Amino acid sequence: MLLQATTTTAHNIGGPGTAYLPVMVFFVFAVAFPVMPLILGRFLRPWKYGKDKMRPYECGIDPETGAHDRFTVRYYIVAMLFLIFDVETIFLLPWAIIFMGKDFSFTLFALIEMLIFIGILVVGYYYAWRKGALEWA
Amino acid sequence: MSLIALQATNPDINLTLIAPELIIGIAGVLVMMIDAFARRGQRWLTGGLSIVALIAAGGASIWLGAGWRGARSAFNGMIVLDDLRLSFTLIFVVVSILTILIAAAWIDIEKLPAGEFHALLLFATCGMMLMASAGDLVIVFLGLEILSIATYVMAGFRRTDVRSNESSLKYFILGSFASAFLLYGIALIYGATATATLPGTTNIATIAGRLNHSLYPPLLLAGAAMLLVGFGFKIATAPFHVWTPDVYEGAPTPVTAFMAAGPKAAGFASFMRVFVFGFPIATAAASTAGYTHKSWLGTLAIMAALTMSVGNIVAIVQNNVKRMLAYSSIAHAGYALVGFVAAGAATDAEQRSAALTSVAFYLLTYAVMNMGAFAIVTLIARGNDRRTAVEDYNGIGFLSPVLAFSLSLFLLSLLGMPLTAGFMGKVMVFTTAVRQGYLWLVVIGVLNTAVSAYYYLRLIIVMFFRERNTPWDAPRLPVSVALALVITIAGVFYLGLFPGRVLNAFGAHPSISLSIR
Amino acid sequence: MQSHLLTILILLPVIGAGTTVIYSLTPGARESHLRWIALAFTTLSFLVSLLLIQGAGGGLAAFRFAENYSWITAIGARYHLGVDGISLWLVLLTTLLMPIAILSSWTAIAQRQLTYFVLMLLLESAMIGVFVSLDLLLFYLFFEASLVPMFFLIGVWGGERRIYAAVKFFIYTAVGSLLMLVGIIALYFIHQTATGIGTFDYVVLTETLRTNVMAISPRAEFWLFLAFALAFCIKVPLWPLHTWLPDAHTEAPTAGSVILAGVLLKMGTYGLLRFNFGLFPNASRQFAPLMITLAVIGIIYGALVAMVQPDVKRLVAYSSVSHMGFVVLGLFSFTEQGMQGALYQMLSHGVSTGALFLFVGMIYERRHTRMISDFGGLARPMPWFSALFVIASLSSIGLPFLNGFVGEFLIMLGSWTSSAVQHAWIVTMLAGTGVIWAAVYMLWMLQRVVFGTKTSEANAKLSDLNLREFALVLPLMVLMLFMGVYPGPFLSRTRASIEATRRFLVNPRPAGAPDVAKGPRDNQSR
């Protein structure tokens, strides 16, 4: 559905209004999605403030230091590794769909290409592993 | 669906055309793996492999040039092959090899992980090569990011040093800023080149063909301006140069040498490709294309004059050698811009090719003499970049004659004294500029050269004409750095006395505007 | 068959420099041997350069010993060398002064000898290259390259204010020549526009500019003349661009001063004669009144300032300003006598002033002072020194039968009849006073240094010239006398070359074309 919207054929491209319409719609949704629940929640939830309630929630344990403390760099490394593979997964889907084509004539090449891509990521992952990025202690 | 599907079924794949990039990329991954597994003596292993890969990549690009069958493109015009690309690829190879040789001593002193450094360097080189071979704005951006991210890390390679951290962070933030400008420019150009029947394009040659059919000329101009700012940041032209001195001063010296020579040249390669071929000189000056061309050319000429003047004048008051060389590198970007302006103003392919060749030659000469100077600055600075003040060079002339005389040679070459590479580089650039009628720009350049004499000579004076009061223990000259010095000194004289062969090679395959179907 | 004599001449000192370095690297090398190597190579250069004279009969209008190879094909630069009557004697002056300069540093240079002799040898290469290059880019290359060794010579082995002097020397002369580079490039494209071929070749350029009147616009010629002249006038140095000279000459070591005064200054007048006159004859005519005015001011100013100098070396330095003013005056008189005299004066100034600097160096070595007030009564302890010093001074003044007289007499003869400037006789009269002033400051200096009462006990114990010092000045002394009594061999070889240049200065049309009347004085000057 989304794919078809962005790959309109050449004939359908008119002025800026029509061409960028899907983008506009996307923008509206992107803004509305986080803002709407907040506004709705403001009206729906009951208002009851207290000292304990304003305290940051850390799995039920009392916070020991301020929130602006320095975290160990390992969190970031794990986060980055997660991000890389997360984005990779998102990348795999459009790749597969586009290179599927109409007659599946190009799939083998596309598959090899994707394997190389994943291979490079795996090498990087292995490098990070080997260098001790995943060891916590 | 159909547009993308059409390209997907015919991707115009030609792996031989990206052989140098492939070699460097694969070698980078290999070096990374070796670094992960090897234990002792790995410096020579990864360094050696890197140098072999770089030489192979250089050989591959020479081979591409030798088997010449006219300017070509592949991957639907995303990668092009012409002398602009080939000459710059060779410059990158030279720069990276010299960086490895210079860095060897430094890695030893500082006890840094060599493998990581070599892998990053190879990835950066791969990015630079992509920038030079890009026929499409997207590839330009891709190459730029590969290069930049590797360089950000290299700038902060001395993790325990605050100055290095500061340098890395500044470079990262301002570099990202520049990248954002560039990306925004690309997006605007894409939008502006859409016609009634066709979607926009990022292909440089196609952009040139669409200029007069643009539905939104202001958008086009805004996009070009964004690109100008983005590239201006990357090659550190005034008024976008302010980050350079801090970053160059704080970064480890071999990395500074690399940044001043390599990424700057890569920036020039893309910058010239995009503007000279993407927004070329137009026959009708009143058209959109003509207006765009006139705007960027005029802006660039002023930027060139400004860059030369700011770089040289501010360099005079510097008391730190690295900082002085940083400003000198700004000034040299200005001289190279003079040739760029000439290339932009050239009306026929032959003159354009000559101008592009002169810029490539200039950047090669700059790379050689700059790397040489930094090699010596690295040695004298010792561990932790301690001795980089001008006073640290007091009276060392006859105490470490080899270093001091070599440094003097490089400084004189940077100044543009005859018999050295710097002189020939300037002659070539100025010649093409005079040919296009930019006499005023050349006069400014020449006057700036005179200004630059003051600070280049200052270091020579300090080394030779002053007496040293404090004890001096001459640094040991490691084999690798000695080799780098031999290469750079030979290069300075060879390019200064017999530039003919290199010039002919650089100008053998004139770039024509490549248009795709 | 091309002769390689000139290439050999340029390369010999470079090879000498290489030999010196290699020798110093061999085990058991003695620093005191280095000067012998340098002396051997400079003497060899001199002997080789003598070959240039052979076969040179009366006419020397064409370039001989020419070598012409492609150098940088991309921009059409050529390796084109050759000598004619103008450059022949300047090359010989260079090769003659070099061994003398080396010999003069025999004991004076005690430290860092390797670097010193290498720099001296490289300097010789550059200087020879300047005089024999016939490609503008090549010429520029040597012209600028000669700066670097001299910069180091002044800066490392110079006197107290050496840093100031070295920087001033370098920046002054480098700035001047940079605009010449722009001029050279512009000339390249002027030729390209006119003929379709870009070239830096002097012979081709002059040929085109002389035959094709439309090749260069008067406006362009005006600016190009200025760009070239600025570089050369700083080098000469012409008043008011002379301020680097007293500092550089005074602070330089003795050999450096000899080379500076003897050869480096001649590069300026040589450049004016060769390039400004050859390439821009019309603009030369236009600028002649200005140049002559500056030259005359320089003659008088230099002499007057020399008179009040308390330092012998500085006095000789200022006398150079005065003498080089004569050379410029002679050149811009555009008469045969004037230009011949100018060329002769270049040689004779090189010989006399070179000798004077040597003498000053000798007493400096003995007393470590150059102040006139510290000396006096040297004639008694040092009779030979005093006699020869007096002869050199008299030659500098321009006493008949010594070399200085011939040049200055010819110059004034030429300027008197010159049509380049109105009321040429006034100019000549003013310049003539310069000779009188020269007699005043030189004789007064001699009176205070050589004669007079001895002011210090130290002067009484000074030793006279030793054998090396005799050998040093003897060739110059012989030359002074020879050039004073028999200028024929020199002038006969320069005449044709001078005439070939002069023809286009006096008359813008090429030979054979109908004469354009430029005024009655024009014909009179022929």
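Reader: Which residues does Met308(B) touch, not counting residues up to four places away in sequence?
Author: In this predicted model, Met308(B) is found in helix α12 (residues 288-316) of chain B. Setting aside residues up to four places away in sequence, the residues it touches are Ala331(B), Gly334(B), Tyr335(B), Ile444(B), Gly445(B) and Asn448(B).

Reader: Is Met308(B) buried or exposed?
Author: A residue is buried if 20 or more other C-beta atoms lie within 10 Å of its own. Met308(B) has 30 other C-beta atoms within 10 Å, and therefore Met308(B) counts as buried.

Reader: How many Å apart in space are Met308(B) and His332(B), C-alpha to C-alpha?
Author: In sequence, Met308(B) and His332(B) are 24 residues apart. In space, their C-alpha to C-alpha separation is 6.9 Å.

Reader: With which residues is Ala367(B) in contact, leaving aside its neighbours within four places in sequence?
Author: Leaving aside neighbours within four places in sequence, its contacts are Ile91(B), Val94(B), Val95(B), Ala261(B) and Ala265(B).

Reader: Which of the two pairs of chains in contact shares the most contacts?
Author: No contact joins chain A and chain C, whose closest C-alpha atoms lie 44 Å apart. Between chain C and chain B, 29 residues of chain C are in contact with 26 residues of chain B. Of the two pairs of chains in contact, the one that shares the most contacts is chains B and C.

Reader: Which element gives the largest share of the side of chain C that touches chain B?
Author: Two or more residues of that side of chain C come from each of α5 (136-145), α6 (147-157) and α7 (162-195) of chain C. The residues of this side divide into 24 nonpolar, two polar and three charged. The largest share, 16 residues, comes from α7(C).

Reader: Why does the end-to-end distance of helix α12 of chain C agree with its number of residues?
Author: Helix α12 (residues 281-307) of chain C has 27 residues, and at 1.5 Å a residue these should span 39 Å. The distance agrees because its end C-alpha atoms are apart by 37 Å.

Reader: Where in α12(C) does a kink of about 50° lie?
Author: The helix holds a proline, Pro289(C), and the kink lies shortly before this residue. Its position is Phe287(C).

Reader: What is omega for the cis peptide bond that joins Val236(C) and Pro237(C)?
Author: Most peptide bonds are trans. A cis bond joins Ala238(B) and Pro239(B), with omega about 5°, and Pro239(B) lies in the loop between α9 (217-234) and α10 (243-250) of chain B. In chain C, Pro237(C) lies in the loop between α9 (218-235) and α10 (244-251). For the cis bond of Val236(C) and Pro237(C), omega is about -5°.

Reader: Is His368(C) buried or exposed?
Author: His368(C) lies in the loop between α14 (336-367) and α15 (383-397) of chain C, and has a positive phi of about 55° although it is not a glycine. With 9 C-beta neighbours inside 10 Å, His368(C) is therefore exposed.

Reader: What is phi of Phe401(C)?
Author: Phe401(C) is found in the loop between α15 and α16 (403-416) of chain C. Phe401(C) is exposed because 12 other C-beta atoms lie within 10 Å. Its phi is positive, in a residue other than glycine, and is near 75°.

Technical notes: Residues are numbered from 1 along each chain as its sequence is written. Chains are lettered from A and ligands numbered from 1 in the order in which they are written. This is a predicted model: local features need pLDDT of at least 70, side-chain atom pairs count only at pLDDT 80 or more; totals for chains, interfaces and linings use all residues. Helices (H or I, at least four residues) and strands (E, at least two) are DSSP runs, numbered from the N terminus. The expected span of a helix is 1.5 Å times one less than its number of residues. The bend at a residue is the angle between axes fitted to the seven residues ending there and the seven starting there. Two residues are in contact if their C-beta atoms, placed from the backbone, lie within 7 Å. Ala, Val, Leu, Ile, Met, Phe, Trp, Tyr, Cys and Pro count as nonpolar, Asp, Glu, Lys and Arg as charged, and the others, Gly among them, as polar.
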